[in-house]
Amino acid sequence: MQKITREILIDKAAFLLSTGVVGSVFGWRAGEFDYDVTPALFTDKTDLKNNFVFGDFCGANVSKYLIKATKNAEEKILVFLKPCDTYSFNQLLTEHRFNREKVYVVGIPCEGMADVRKIKEKAGEGILKISSTEDGVIVDTLYNGTISLKKEDILLERCKNCKSKKHVAYDELIGEDGTVLENDRFDEVAALEAMSPEERFNFWQNELSRCIRCNACRDVCPACTCEKCVFDNPESGVENKAAYNSFEEKMFHIIRAFHVAGRCTDCGECSRVCPQHIPLHLLNRKFIKDINQFYGEYQAGEEVGSRAPLVNYTKEDIEPNDAVNKGDK
Amino acid sequence: MQVNEFKPKIVAFCCNWCSYAGADLAGSNRLSYPADVKIIRVPCSCRVNPMFILRAFQRGADGVIICGCHPGDCHYTSGNYYTRRRMALLFSMLDYLGIEKDRMRLEWVSAAEGAKFATTMNEFTEKIISLGENKRLEDLRCKK
């Protein structure tokens, strides 16, 4: 699926390391299997050659890791960013989370990343090897032989309505830059809005009550970068999750989504990492949809230094009571 | 004889500079509004964090109303404009989650509008009584 290979990226990284432009490289490290790839910092050339990977399972957004990586770095860090990562990158710069001077960005094209859950659903247990083809993957399994899967069946949910193939921040590009895409990412939100309040309540009750409060959505979110989080307060009642109803989860998810409202670039990491498969991006997208509707189109991270809608106002803003009654007309 | 009548719990966040004084004026004018409304004074309507509202519902409030200065009249020049944006998004989100949208409200009440304060609270309380108890946002752990 991916058009560029790990060798191209390793060569590029090795070149920049040897010329002294950068001191370390941020990318993806191979795991035990083809699909468990983790974001990692490489400082050593042989380590880079042996363990750096790039492929269909590099869905992780690496922008947030730069905050920690650049903190004590003396030399520049090379980072490979996919188009959607560059939006988060810009948003973090807008919030002054790290120093742009310490990062050397190489933009890489992305053909959409694969979701290992979907592959496991189709290919079953015992995956030995996953190799990429032009328009899909071939999976070698222990029990079911070799299975070939089509790209559209295994794409990550968020890649299905990719918002942009354009890099909004880079020092150097590999391949050609894409364009901002037309997409129908608000369709799911609109479908929910069309339901009755009872149906919506039941839908969310069903989804959010599955939450186990692992905080993965918060930890991975490139917009959630507070060093102290309100939900880490042991007094807040987080630990004693009620068995019967899920208010704590509802509150957590409303506040989590609200805290990133206007700053969320819709990268979809929250839904990707959720071990309970809760469609968390639907909460964030609702805020984005409302912001676009009430305060004009706004894409967080499109440019550095843009003013987020919630820290801005006009004298003619919509009244909250009217905002919720809009659907009634 | 004991009558089992529903007594709603209503939390009103009132801005110190306008609505709180408005409530005061309603009192000195001997206008009546339901005792179910519990006022919490805040320095500005902008002080109201969305979490306050959710916490109020969690701990058993049946309705939450936020009162602030009219747009343009904020004591801190622009606080209420931010409140307006924030609450528009929050109310819309709660509606999206299937919570009855009439349970939360934002009203602009100035210090001179004692009558408006009283009528707003009367109307809001009636609305909450007609909606009944808050079941969707309550937390059973907070029930006695």
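Reader: At roughly what angle do the axes of H11(A) and helix H2 of chain B cross?

Author: Axes are lines fitted to C-alpha atoms, for helices over the stretch in contact, and angles run from 0 to 180 degrees between N-to-C directions. Here the axes of H11(A) and H2(B) (residues 50–58) come within 10 Å and cross at roughly 170 degrees. That makes the two helices, H11(A) and H2(B), roughly antiparallel (angles over 145 degrees). This is a predicted model: local features need pLDDT of at least 70, side-chain atom pairs count only at pLDDT 80 or more, and totals for chains, interfaces and linings use all residues. Residues are numbered from 1 along each chain as its sequence is written, with chains lettered from A and ligands numbered from 1 in the order in which they are written.

Reader: Which residues of H11(A) and H2(B) make the contact?

Author: Contact means C-beta atoms, placed from the backbone, within 7 Å. H11(A) brings Phe247(A), Met251(A), Ile254(A), Ile255(A) and Phe258(A). H2(B) brings Pro50(B), Met51(B), Leu54(B) and Gln58(B). Eight of these residues are nonpolar, one is polar and none is charged.

Reader: How many residues of chain A are in contact with chain B?

Author: 34 residues of chain A meet 33 of chain B. H11(A) gives the largest share of chain A's side, seven residues. That side has 21 nonpolar, three polar and 10 charged residues.

Reader: In what order do the strands E6, E7 and E8 of chain A lie?

Author: Strands pair if DSSP finds at least two bridges between them. These three form an open antiparallel sheet, ordered E6-E7-E8. E6(A) and E8(A) are the edge strands. Six bridges join E6(A) to E7(A). Lys129(A) has Asp140(A) in E7(A) as its bridge partner.

Definitions and conventions. Two residues are in contact if their C-beta atoms, placed from the backbone, lie within 7 Å. Helices (H or I, at least four residues) and strands (E, at least two) are DSSP runs, numbered from the N terminus. Ala, Val, Leu, Ile, Met, Phe, Trp, Tyr, Cys and Pro count as nonpolar, Asp, Glu, Lys and Arg as charged, and the others, Gly among them, as polar. Angles under 35 degrees count as roughly parallel, over 145 as roughly antiparallel, 65 to 115 as roughly perpendicular and the rest as oblique.
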